[in-house]
Amino acid sequence: AVYAILVLAVAAIFLSTFAEPKKEPVRDIESSNEIQLRNEQQIEEKLQDVLSKIRGAGKVEVMITYETGTEIVPAFSSDKQSSSTVNESETTQSSTISETESRQPATISQGNGNQPLVLTERQPVVRGVIVVAEGAADIMVKLDLQLAVQTVLGVSANCIEVFEMSTYNGGE
């Protein structure tokens, strides 16, 4: 009987150790931040490549700053509960109906547990753009660069600054 209890205890420890999926939310957050950073760098690189092809621009470098990061909008499920009370008195009759609504993120089952159901993913909002180009001394090139950035990123002209690239090479 003692051996049976000991075997059951070892089996329970073994099952509890391997039965629960390990959750690593920190890694998910880090990987989503890494993905966002990689996407932002790719946008900058693509923009640099395109802007450098504008006639007279020469070598171009781009820096984009963002107000917010990528925002994930989850779906919510709502449970409405209503209760009614009736107060009667000799002269008046009134009833009160109150509803309370609780909202919780909707989830879907996957192999490693429940995952939130995502409605949409909002892209980061651009705060400003700096363009440094060899040919920015020419006003027409500068305007072309500014217009191209406006078109690609959908930002207003007052969010974009275009500067001439320095010819100083650091004493080399």
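The model is predicted, so local features need pLDDT of at least 70 and side-chain atom pairs count only at pLDDT 80 or more, while totals for chains, interfaces and linings use all residues. Residues are numbered from 1 along each chain as its sequence is written, and side-chain values use heavy atoms, with hydrogens and water left out.

Let's start with helix H3, residues 139-153. Helices (H or I, at least four residues) and strands (E, at least two) are DSSP runs, numbered from the N terminus. H3 has 15 residues and reaches 21 Å from its first C-alpha to its last, close to the expected 21 Å; the expected span is 1.5 Å times one less than the number of residues.

Which residues of H3 are buried? They are Val-141, Leu-145, Gln-146, Ala-148 and Val-149. Looking down the axis of H3, you would find these buried residues within an arc of 160 degrees, so they line one face of the helix. The arc is that of the directions from the helix axis to the C-beta atoms. On the other side of H3, Ile-139, Met-140, Leu-147 and Thr-151 are exposed. Here, buried means under 20% relative accessible area, exposed over 50%, and partly exposed in between (1.4 Å probe, protein chains only).

Now for the ends of H3. After H3 comes Gly-154, which has a positive phi, near 70 degrees.

E1 runs antiparallel to strand E8 (residues 126-133), and seven bridges join them; two strands pair if DSSP finds at least two bridges between them. Within this pairing, Tyr-66 stands opposite Val-126 in E8.

The count of salt bridges comes to one, where a salt bridge is a side-chain nitrogen of Lys or Arg within 4 Å of a carboxyl oxygen of Asp or Glu. Lys-53 and Asp-49 form it, at 3.5 Å from N to O.

Finally, Ser-166 lies in the segment after strand E9 (160-164). Ser-166 and Val-132 are 34 residues apart in sequence and 8.7 Å apart in space, C-alpha to C-alpha. The table gives some accessibilities.

| Residue | Relative accessible area | Class |
|---|---|---|
| Lys-53 | 63% | exposed |
| Asp-49 | 40% | partly exposed |
| Ser-166 | 53% | exposed |
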